Structures are given as structure tokens and as C-alpha cells.
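Walk through this fold with the model open beside the text.

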Amino acid sequence: MANHNSLPTIFVIFGATGDLMAKKLAPALFHLYTRKQLPDLFQVVGFSRQELSNGEYQKWVNDVVGDQQFPRFFLYQQGFFEEKEGYKKLSEFLGMKDGEWRVCSNKLFYLAVPPAHYKTLFQHLADSDLTKPCSPEEGWTRIIVEKPFGKNLETAEELDQMLGKLFKEEQIYRIDHYLGKETVQNILAFRFSNSFLQDSWNNKGIESISIRLLEQERIGGRGALYDGLGALRDVGQNHLLQLLALFCMGNPGRFDGPSVRKERAKVLRALALHSSFRGQYDGYRTEQNVLRDSQTETYFRIQAAIETSDWKGVPILLESGKAMLQDQVEVEVVFRHPDPCLCPPEEQKHYKNVLHYYIQPNEGISLSLWTKKPGPAMVIEEREFSFDYRKAFEKAEFADAYERLLLNCIQGDQTLFVSTEEIMAEWKFIDPVVRTWQQNRVPLAIYKMGTHPLWKNR
Ligand code: BG6
């Protein structure tokens, strides 16, 4: 493929030996490489503060991906994020590489570092001219920024302004890795390619929507990052709101970046808060790097609404927690019962259909349908009709979210990345909740690990 995107490409990864690089990025690059989905000529440059030789770094990559050939594409540049020197050397290296390849190559800068470093990095990238394309005709420069993007609306706007001075919106790829998951992308196919859903997918057909991201794990070694941030900003402001946007957005007309992002943003802008609840698992305060009197929530439940003509009056529930009984990421959609209802008179029960859209660990869809029980009487019972994504596509290759996202960034497709409008709308909705919690206007409920903070109320 001889196009702009198959030009030689240099991936500069800030946070070269961090957790994200080890767990996600290096394996994703390796899989793309083995499937021949990377440009023919490419180079990965890891940038971090540690003193490492190229050989030591390649050994580290070898240990991570378990392959002896692939690490030869990796080189290491030592540098401190806050000092000019490292960026200068990096810039010299990129220039030298372009000279060797006799081309103005594509450059992808990946910020795989804690968000506290973003401002410093943006500033130095600007000052060192690293992000300036070497030619107006060939070679793009793009940047991938991890979540969380800011801590609130104000800091997100500040970051955005800094980024905006360096890059145009079409060069900025803000990650929400949930968008890269296969089951999450299937939401659009499910919603817009199945005609029977079209007329009922709004407040006329749907009674409520609940979105859950429950995790069995505690915070692990992430205390320093998690404490003070909390569940709402860790997964609510991004993953849950993006799932909601995909479930409630209007038909984008086309599956392309601008159309899909525009529709997602419309939903996010129309969000209104009804109530919130927060909890913390017992034992959280003794986790590593957590304050002994921490008020950080590890569980939240938010009741909200989407104030558009399509969704007005439909309760939306967003819920997430750590140290829960089990892993469960799913969306539950309850349909309205038919009116008038053909219900058995003695039961006074309405027949509602419930759709479960399972994201993980199960991946699939199930719909409860009402069915006549065989026999002389008209007895109606609820039965599940289900679809298992993995079984249905047994032979297909399911790519990891990061593989998909990296590939899309190389291809210049922003559909699975979050636009500035979306980020700002997400923060506008989340900020007031965080403020009420910080002012202690919603008590922090303590729950036992492996349980649910609201169980006692059921
Ligand atoms: C991350 C959060 O963004 O998403 C983590 O920081 C969370 O706290 C994780 O565990 C969940 O992602 P996944 O892909 O494991 O469901």
C-alpha cells in the first residue's frame, strides 16, 4: 500500500518502560508487526528517565513480547521530561533517521506517562520543535494522549489549549480504550444494522438504561494514581459515558470519525444529573500510597437523564466499583411493556423485554422474550434468546483494543478516539458531582470487599 500512512513511521513513546508499554503497547505493536499491519519501515524510540543502553532496552522488549527478532526495531533515548537536553537529542535522532531513510517520515508521539507530566511534555515538545512536520507534503505528526485528560473541566481546557497550539484537532488522538474493544464497536452495528430496533430505540420504546462496570479487583499497586482521583474520574468520566453515548446517539449516517464523534458529543452535552451515591471498600485506606483518612470513592452510582426529545424521561443509571463480587461490564436496556397490555388478569404483570449487552468477561447479547408455554392454557413465560460473540465468530481474530487503536491512529481514523467536544461535555457533567462529594454533601458508604454497597438496602 503506497499511501501517506505507509510511509516510514517513527513511534516515540514517552514512558518507555512503564506499565502501559509493558502490558499493552509493546504487545500491540508486536501483534501488528506479525500481521504485517505496520508500515514497511518503522522505528520505535522509547524515552524515559532511566539510564539504559539500546541493548538493555531491547532485552527489556524481548522479555515483554517473548520474541528475539522484534526488539531490533526499538531504540532508547534517555531523558528527563523536565529537561531540554533529552528532547534535543531526540530531535537530532529523528532528523538522522529521516536522513538515513531519505524521507520525511511520519512521527507518532505516544504519551504513556502519568497525566501529571502532560503539561511539561507539551511545553518541551513545543519548544524543541519536535512536533513540527518536516515537510508540508509528506509525513504526518500525530499525538496519542492517554486518559485521564485533565482532572476537571478547567484542567482539561488548559491541557487542550496547550495541545491546540502544537497540533490541529485531526492530529490529536485522545484514548478511551473502551472504544477499541470489539464488543463496544459492535454496539453501532447492533443498533443501526438491525432494522427491528429502529423505531423503538428511544423514550417511546425504552423504559430505562443501566450501565455497569463492576470489577472484582482492588486498586492493586495504583494507589498513588487512584487516591484522590476515584472511580468516577477513573472510569465514569470516560468509559461509562462513552458507552452511554454509543447506546443513545442518533444515527450518524456514516461510520466515519466526524459523523460518529458528532453524534456521541450530542448525547454527552445533553446529560443531566439526578442523584449520586458513593462508597469505599473496607480496607482501601490501608492500601499502598493511599491516605489513611482518604475520602476517595471506589464505587459510585449515578442517576441521570438525557435531555433530548428522544430520551427525555428515560432514567439512566451509571454504576462502577472495585472489590465487587465479580467482574461484570454490561448494559441493561429495559423496554416498555405494550399498552394496553395483554397480561393474564390474575397476575397483573406487565410483559417487558430486557436486553443485556455483555461487554466483558462475557461478550454477547441476550434478550428476554415472552413465550407461550406449551400446553392447553395460555401461560406465558420469559425465556432468554442469546448470542455469544466469541462462539459466533470462533475462527475470527479478536484484536486487543490497543492494537485497533494504534492501527487506526496510523491510518488517520479518529472514530475510536474522543474529540475535544466530548471530553469537555464529559467533564461538565462530572465536575458538579465531584464538587458535591468534596463538600461532603453525599456521605461515603463503606462496603465489605466482595459485596455491594447497596445490598443492605435491597
Ligand atoms: C482503566 C482504569 O481505564 O480501565 C482501571 O484506569 C480499570 O481502573 C480499567 O480497571 C478497566 O479496563 P478493562 O479493559 O480491564 O475493562
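The paragraphs below go from domains to sheets to pocket and cavity.

This is a predicted model, in which local features need pLDDT of at least 70, side-chain atom pairs count only at pLDDT 80 or more, and totals for chains, interfaces and linings use all residues. Residues are numbered from 1 along each chain as its sequence is written, and side-chain values use heavy atoms, with hydrogens and water left out.

Start with the domains. The assignment for the protein chain gives domain 1 (4-146) and domain 2 (179-398 + 419-457). Such bounds come from an automatic or database domain assignment. The C-alpha centres of domain 1 and domain 2 lie 36 Å apart.

Now the sheets. Helices (H or I, at least four residues) and strands (E, at least two) are DSSP runs, numbered from the N terminus. Two strands pair if DSSP finds at least two bridges between them. Axes are lines fitted to C-alpha atoms, for helices over the stretch in contact, and angles run from 0 to 180 degrees between N-to-C directions.

Look within this sheet. Strand E4 (residues 106-111) pairs with strand E5 (residues 141-145) in the parallel sense, over five bridges. There Phe 109 stands opposite Ile 143 in E5. Contact means heavy atoms within 4.5 Å.

Another open sheet has nine strands, ordered E14-E13-E12-E11-E7-E10-E9-E8-E15, with mixed pairing. Its edges are strand E14 (380-388) and strand E15 (444-447); each has a single partner strand, so one side of each is left without a neighbour. The twist averages 20 degrees from one strand to the next. E11 and strand E12 (residues 354-360) run antiparallel, joined by six bridges. Val 331 stands opposite Tyr 357 in E12. Helix H6 (residues 182-193) lies across E12 and strand E13 (364-372), at about 145 degrees to E12.

Grid points are joined across faces, edges and corners, and a volume is the space filled by probe spheres set on the points.

The largest pocket holds about 1,500 Å³. It is lined by 44 residues, and Asp 19, Leu 20, Lys 23, Arg 222 and Leu 225 are the closest to its centre. H1 gives the most to this lining, with four residues. Domain 1 and domain 2 each provide at least three residues of the lining.

The count comes to one cavity of 30 Å³ or more. The largest cavity has a volume of about 70 Å³. Of its 13 lining residues, Lys 147, Phe 149, Ile 175, Asn 238 and Ile 423 are the closest to its centre. H8 and helix H12 (420-438) each supply at least two lining residues.

Key: 1 Å grid on protein atoms, 1.4 Å probe; cavity = no way out; pocket = protein on both sides within 12 Å on 5 of 7 lines; lining within 4 Å.
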